[in-house]
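Visitor: I would like to learn how to read a few local features from coordinates. Could you take me through them one at a time?

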Amino acid sequence: MKKKILILAGDGIGPEVMNEVKKIILWFNKNKKTDFDITEELAGGISYDKHGTPLTDSVLNLALQSDAVLLGAVGGPKWDKLEFSKKPERALLRLRKDLKLFANLRPAICFKELSSASTLKPEIVSDLDIMIIRELTGGIYFGEPRGVSKLPDGSRKGVNTHVYTSDEIRRVAITAFELARKRKNKVTSCEKSNVMEAGLLWREEVEELHKTKFKDVELNHMLADNCAMQLVRYPKQFDVILTDNLFGDMLSDEAGMLTGSLGMLPSASLSERDKNGKVKAMYEPIHGTAPDIAGKNIANPLASILSFSMALRYSFDMPSEATMLDDAVREVLKDGYRTQDIMEKDRKKVSTSEMGNLVIQKLH
Ligand code: NAD
């Protein structure tokens, strides 16, 4: 059956890295029994330039009808001075909100071949495989009231509200527990229950859900600041880390960096299952548009390629194809090929498109 993929390459290096993903999707169509139907559209700054908005309603509708959205990255200095509602990043927030993508999955996997690129000792990170699940549509980034107001004395006050309901906590916790069952069966839930009421609610709801539905999964609670420390001390103690929007933003960046390169890190954002069992999903590398290297054919496409591998696994239920793609990436690294961001002594430097071609050769 045809699977609909919407590609939103975005700005900066987005189109360059997504071009490599496209080649890989077409390789699967030609050589495996897949029938991916690709549509390409604009999002971010490039959409603003053409349509005056970072995401048109028609592109949003296409996203809603797709089986998976693959996004490059959006933004750049050209659009930095636009008002908040027109900024390229609004495209992401709107997609996340309207597709109801409440769970953000960020694996931090350190290929043995790249362990020396980490700032931590290779033995701490080599073969690391953890998954951070960040709640994505609630918490302080969306809570009301919010805004900046003027005080009677002429100074200003900025307000954001950290708010979670038990339903919001439970649905993301279910994603974490279910995913843990397919991994090492261990969830560490992180909040600040010592100083935040909403943090205490988070802990109680996760605990209750665990007791009633997921007793078979090992559950630990950890304060988010301690988790930040433990991630650099002994990251292999974790399997799945479950956390809210704000702490997840930071902890997932920190965990990502354990692996040494932004150019290697994929992510997935998933919705709840609808009544037909369908999950909406968006897959994207965690890096941005890298304006400093855009247009030079030197960006690392592997984060985007690995994001497509997550799509194979989570949207298309093709775990063996996903593993095949992950293995192809590993083999290319083993053979010593590197884009400049992960370049080391005595390795062979390749361009964006060469890296894509090498992965395809390995798939063959
Ligand atoms: P960035 O991730 O774009 O770049 C940070 C550094 O990492 C740069 O030196 C860049 O060259 C390098 N880098 C990033 N990805 C790389 C890759 N695939 N290969 C090789 N090197 C890579 O972060 P930034 O500089 O803070 O942001 C630049 C723009 O991207 C900003 O406009 C920001 O808002 C936007 N941004 C978008 C997203 C997104 O679309 N999801 C995420 C982060 C930043």
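Visitor: Is Tyr164 buried or exposed?

Guide: First, a caution: this is a predicted model. Burial is read from relative accessible area, and buried means under 20%. Tyr164 has 6% relative accessibility, so Tyr164 counts as buried.

Visitor: Which aromatic pair does Tyr164 form, and with what geometry?

Guide: Ring pairs are read from the distance between centres and the angle between planes, and an angle over 60 degrees counts as edge-to-face. Tyr164 pairs with Trp202 at 5.3 Å centre to centre, with 75 degrees between the planes, an edge-to-face arrangement. Tyr164 sits in the loop between strand E7 (156-161) and helix H6 (166-181), while Trp202 belongs to helix H7 (residues 197-213). The two are 38 residues apart, and the pair links distant parts of the chain. Trp202 counts as buried because its relative accessibility is 1%.

Visitor: How many aromatic pairs does the structure hold?

Guide: There are six aromatic pairs. One of them joins Phe36 and Phe308, whose ring centres are 5.8 Å apart; the planes meet at 80 degrees, so this pair is edge-to-face. Phe36 lies in strand E2 (residues 36-41) and Phe308 in helix H10, with 272 residues separating them. Both Phe36 and Phe308 are buried.

Visitor: Which aromatic cluster includes Phe36 and Phe308?

Guide: Pairs can be followed from ring to ring. Here one aromatic cluster is formed by Trp27, Phe28, Phe36, Phe308 and Phe316.

Visitor: Where does Lys348 lie relative to Tyr337?

Guide: For a charge over a ring, both the distance to the centre and the direction from the ring normal are checked. Lys348 lies over the face of Tyr337, at 4.6 Å from the ring centre.

Visitor: Which residues other than glycine have a positive phi?

Guide: Asp127 and Asp317 are two examples to look at. Asp127 has a positive phi of about 65 degrees and is placed in the loop between helix H5 (122-125) and strand E5 (129-135). For Asp317, phi is near 50 degrees, and the residue is in the loop between helix H10 (302-314) and helix H11 (319-334).

Visitor: Are Asp127 and Asp317 buried or exposed?

Guide: The cut-off for exposed is over 50% relative accessible area. Asp127 is at 51%, so Asp127 counts as exposed. Asp317 is exposed too, with a relative accessible area of 65%.

Visitor: Which peptide bond is cis at Pro145?

Guide: Omega is the angle to read. The bond from Glu144 to Pro145 is cis, with omega near 0 degrees. Pro145 is part of strand E6 (residues 143-150).

Visitor: Which residues come nearest to the ligand?

Guide: Start with the surrounding shell, then go to individual atoms. Of the 21 residues around the ligand, Val74, Glu89, Gly288, Ala290 and Asp292 come nearest. By class, the shell contains 10 nonpolar, seven polar and four charged residues.

Visitor: Which atoms of Val74, Glu89 and Gly288 are involved?

Guide: A polar backbone atom of Val74 is 2.8 Å from an oxygen atom of the ligand. Glu89 uses its side chain: an N or O atom there is 2.6 Å from a ligand oxygen atom. For Gly288, a backbone N or O atom lies 2.7 Å from an oxygen atom of the ligand. As for cover, the ligand on its own has 810 Å² of accessible area, and the protein covers 69% of that.

Conventions. Residues are numbered from 1 along each chain as its sequence is written. This is a predicted model: local features need pLDDT of at least 70, side-chain atom pairs count only at pLDDT 80 or more; totals for chains, interfaces and linings use all residues. Side-chain values use heavy atoms; hydrogens and water are left out. Helices (H or I, at least four residues) and strands (E, at least two) are DSSP runs, numbered from the N terminus. Buried means under 20% relative accessible area, exposed over 50%, partly exposed in between (1.4 Å probe, protein chains only). Rings of Phe, Tyr and Trp (its six-membered ring) pair if their centres lie within 6.5 Å; planes under 30 degrees apart count as stacked, over 60 as edge-to-face and the rest as tilted. A charge sits over a ring if NZ of Lys or CZ of Arg is within 6 Å of the ring centre and within 35 degrees of the ring normal. A residue is near a molecule or strand if one of its heavy atoms lies within 4 Å of it. A polar contact is a pair of N or O atoms within 3.5 Å; within protein, one must be able to donate a hydrogen and the other to accept it, and residues adjacent in sequence count only if both atoms are side-chain atoms. Accessible areas come from the Shrake-Rupley method with a 1.4 Å probe; for residues, only the protein chains shown count as cover. Ala, Val, Leu, Ile, Met, Phe, Trp, Tyr, Cys and Pro count as nonpolar, Asp, Glu, Lys and Arg as charged, and the others, Gly among them, as polar.
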